[in-house]
Amino acid sequence: MADVLVVGAGPVGLTLACELARHGARCRIIDRAPRPLPYCRAIGVTPRTLEVWDDMGIAREMIDAGLWLTGLRSIVQGRPPTDAPNPALDLPFAALGLPQYETERVLARHLDRHGVRIERGSALTALRQDPDGVAVRIEGEDGTAQEDRFRYVVGCDGAHSAVRRLLGIAFDGAAYPWPFMLGDVRIGWDVPYGMSVRALRLVEGGPPDMFVAIPLPEPGRYRVSMLAPAALVPSAGTEHGIQAELRGPSLADLQAVADDLLPDRPRLADLRWSSVYRISMRLASAYGQGRCFIAGDAAHIHPPTGGQGMNTGIQDAYNLAWKLALVLRGAGAASL
Ligand SMILES: Cc1cc2nc3c(=O)[nH]c(=O)nc-3n(C[C@H](O)[C@H](O)[C@H](O)COP(=O)(O)OP(=O)(O)OC[C@H]3O[C@@H](n4cnc5c(N)ncnc54)[C@H](O)[C@@H]3O)c2cc1C
């Protein structure tokens, strides 16, 4: 019997699998999706996550793939911009900008070095636990199913977690009523490398009109986000995250908001991808039950502002891995 089944190969599941392997626990990691998502969701990496990656031995690779986030240019109500550099903190690392697909690429390569293969196109669909282990059903894309047993199962399977649902753990919270849109574009302006831009216009009785551009490592490229017009998201909904089934905004949709909120009207170009997304805040009523745990978005979801989602999830996994590994080799009590 493998020790642990990690369900989900997003940043949290990948971190957990790497750390379990480093601490000597045998694990399998499965993901329902045939390939990683191409979207740049998380960009902001906090100093604490860099400390975690330093301990894992991958901070250098992550830093080389990203850029330092140096500060924020704010444009409020169309007034002249003000620049706020990120404060120099007495910490070993600063705030890093790294697109989530790059974070996942580096983690997957590190997992490969540990000799663990990601089993893609494999979804957990059922689980049943007893005092000695957890029996699971894993279904492949081709309709085949396998039954297996593990000593522990960890659901790192995102906001719509099957593990959380199968355990009957509540996920209370609320959804923001407004949909948002995202795009990966080149912007022709003279903003210094590493600086983010946020333009806001307050609206009475509603959310502020906004345009946020976070720099990507490639000079001149940004991940822009803003409220989505109703025409793009015809129906109300409370699903969290990227709405991959809906058509993403066009370059003209994104440019219209930039023209409305940025006095210099810089030109957006070369749209690489775009999407619509929704935001919720929810917290699971428990992070575990018996021999099953949940971590990352499966356990808590946040608005992207402040960059807490992936960062806190990676820290869940880092924390859970050494404890599970100690328990598995009999050096720690299950209560740990
Ligand atoms: C626009 C946007 C911007 C964001 N910006 C930031 C930011 O700057 N900083 C930050 O920290 N966070 C940010 N986040 C949040 C961040 O993207 C998430 O917190 C992060 O992806 C959570 O990682 P995860 O591994 O828990 O879940 P996910 O990344 O959702 O991965 C879950 C994986 O589980 C798989 N899966 C699902 N069900 C099953 C199943 N039954 N069986 C097998 N596999 C399954 C899925 O295919 C998926 O690969 C942002 C999010 C959005 C939408």
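Two strands pair if DSSP finds at least two bridges between them. Strands here are DSSP runs of E, at least two residues long, and helices are runs of H or I of at least four, both numbered from the N terminus. With that in hand: V6 stands opposite I29 in β2. The strands β1 and β2 run parallel and are joined by 4 bridges.

Some housekeeping. This is a predicted model, in which local features need pLDDT of at least 70 and side-chain atom pairs count only at pLDDT 80 or more, while totals for chains, interfaces and linings use all residues. Residues are numbered from 1 along each chain as its sequence is written, and side-chain values use heavy atoms, with hydrogens and water left out.

Back to the sheet. It is open, has 6 strands with mixed pairing, and its order is β8-β2-β1-β12-β23-β22. At the edges sit β8 (118-120) and β22 (288-289), each pairing on one side only.

Next, the cores. A nonpolar core is a set of buried Ala, Val, Leu, Ile, Met, Phe, Trp, Tyr and Cys residues joined through side-chain atoms within 4.5 Å. Buried means under 20% relative accessible area, exposed over 50%, and partly exposed in between, using a 1.4 Å probe and protein chains only. The largest core has 45 residues, and V4, V6, L16, L20, I29 and W53 touch the most other members. Elements giving two or more residues to this core include β1 (4-7), α1 (11-22), β2 (27-31) and α7 (309-328). The most comes from α7, with 9 residues.

What is L20 in contact with, leaving aside its neighbours within four places in sequence? Contact means heavy atoms within 4.5 Å, and the list is V4, V6, A25, C27, A321 and L324.

There is also a second, separate core of 23 residues, which includes V257, L262, L268 and V276.

Now helix α6, residues 251-261. Its buried residues are L254, Q255, V257, A258 and L261. Seen down the axis of α6, they fall within an arc of 160 degrees, so they line one face of the helix; the arc is that of the directions from the helix axis to the C-beta atoms. These buried residues pack against strands including β5 (71-76), β14 (180-188) and β19 (267-269).

One hairpin to note. Strands β10 (residues 133-140) and β11 (residues 145-150) run antiparallel, joined by 6 bridges. Between them are 4 residues, and G143 in the turn has a positive phi of about 90 degrees. The bridge partner of A135 in β11 is R149.
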